[in-house]
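This report walks through selected features of one protein model.

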Amino acid sequence: MNFSAHNLKATPNRIFCIGKNYDKHIKELGGTQTPEEPVVFMKPVCNIVAPGEILHWPSYGSELHHEVEVVLLIGKEGRNINIADALSYISAITLGLDLTLRDVQKKLKKAGLPWELAKSFEQSAPLGIFKDYSPNKIDLENLAFSCSVNSNLRQNGNTREMIFPISNLIQTLSHWWTLKPGDIIFTGTPAGVGSLHPGDKIEVESPAIGLFSWSLASV
Ligand code: MG
């Protein structure tokens, strides 16, 4: 695969995704409990879609939801990383969509089954272009970002609302896995998720990062 559009400095290694990291989003899906540790699942890197590429409706499922998220690129190897050092492992940031088949996810959750069918379908990881990150230029603990569909604002979030801030996510993930250059982390979605329809244009934006868009094929 060719990931040159994304300004990745390394071959993408894994995509970690954090679930349930914003309180209002947990509530809008009917949840009541704040997780005690980060909820993690993965998507394969082949599901990455560059900005401007056409998205096609998945081959199953009926309720396709947008989830805009701040996305991190890991730039150096680390294990058991301290919170104080965590941000130094990030080489670049962007925005992405953790596309989710909500109807499929509801069934899987109810049955206590894994989420792959709801989260890891083809083209489930639209990803913006990475912007080099340095802690003194961008405040990752106070970063505004949004998602609009057909120019209507749907999600308006800020990383300061995260249950587990970015430093904590890196610390915890690095206890469970050795983080490697090319690892990508989707950091969770704020409230406002909702259904997409054929022909929709989805835009994600952050003043500090940029604007990226994707269109869903009309059939
Ligand atoms: Mg998500």
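Rings of Phe, Tyr and Trp (its six-membered ring) pair if their centres lie within 6.5 Å; planes under 30 degrees apart count as stacked, over 60 as edge-to-face and the rest as tilted. By this rule the model holds four aromatic pairs. The model is predicted: local features need pLDDT of at least 70, side-chain atom pairs count only at pLDDT 80 or more, and totals for chains, interfaces and linings use all residues. Residues are numbered from 1 along each chain as its sequence is written, and side-chain values use heavy atoms, with hydrogens and water left out.

**Aromatic pairs**

A pair of aromatic rings is described by the distance of the centres and the angle of the planes. Two of the pairs are tabulated here.

| Pair | Centre distance | Plane angle | Class |
|---|---|---|---|
| Phe-16 and Trp-177 | 4.9 Å | 50° | tilted |
| Phe-41 and Trp-115 | 5.6 Å | 55° | tilted |

Phe-16 and Trp-177 link distant parts of the chain, 161 residues apart. Phe-16 is in strand 1, and Trp-177 is in the loop between helix 4 and strand 13. Helices (H or I, at least four residues) and strands (E, at least two) are DSSP runs, numbered from the N terminus. Burial follows relative accessible area: buried means under 20%, exposed over 50%, partly exposed in between (1.4 Å probe, protein chains only). Phe-16 has 0% relative accessibility and so counts as buried. Trp-177 has 27%, so it counts as partly exposed. Phe-16, Trp-176 and Trp-177 form one aromatic cluster.

Phe-41 lies in strand 2, and Trp-115 in the loop between helix 2 (102-111) and helix 3 (116-119), so this pair ties together parts that are 74 residues apart in sequence. Phe-41 is buried, at 12% relative accessibility.

Glu-67, in the loop between strand 5 (64-66) and strand 6, and Asp-98, in the loop between strand 7 and strand 8 (100-101), are 31 residues apart. Glu-67 is buried at 3% relative accessibility. Asp-98 is buried at 1%.

An open sheet of three strands has the order 8-5-14, with antiparallel pairing. Strand 8 and strand 14 (194-195) stand at the edges, each with a single partner strand, so one side of each is left without a neighbour in the sheet. Two strands pair if DSSP finds at least two bridges between them. Strand 5 and strand 8 pair over two bridges. Leu-64 has Leu-101, in strand 8, as its bridge partner.

**Helix 4 and its cover**

Helix 4 spans residues 166-176. Its buried residues include Ile-166, Leu-169, Ile-170 and Leu-173. An α-helix has 3.6 residues a turn, so residues three or four places apart point the same way. What covers the buried residues of helix 4 includes strand 1 (15-19), strand 2 (39-43), strand 6 (68-74), strand 7 (90-97) and strand 13 (184-186).

Key
Contact means heavy atoms within 4.5 Å.
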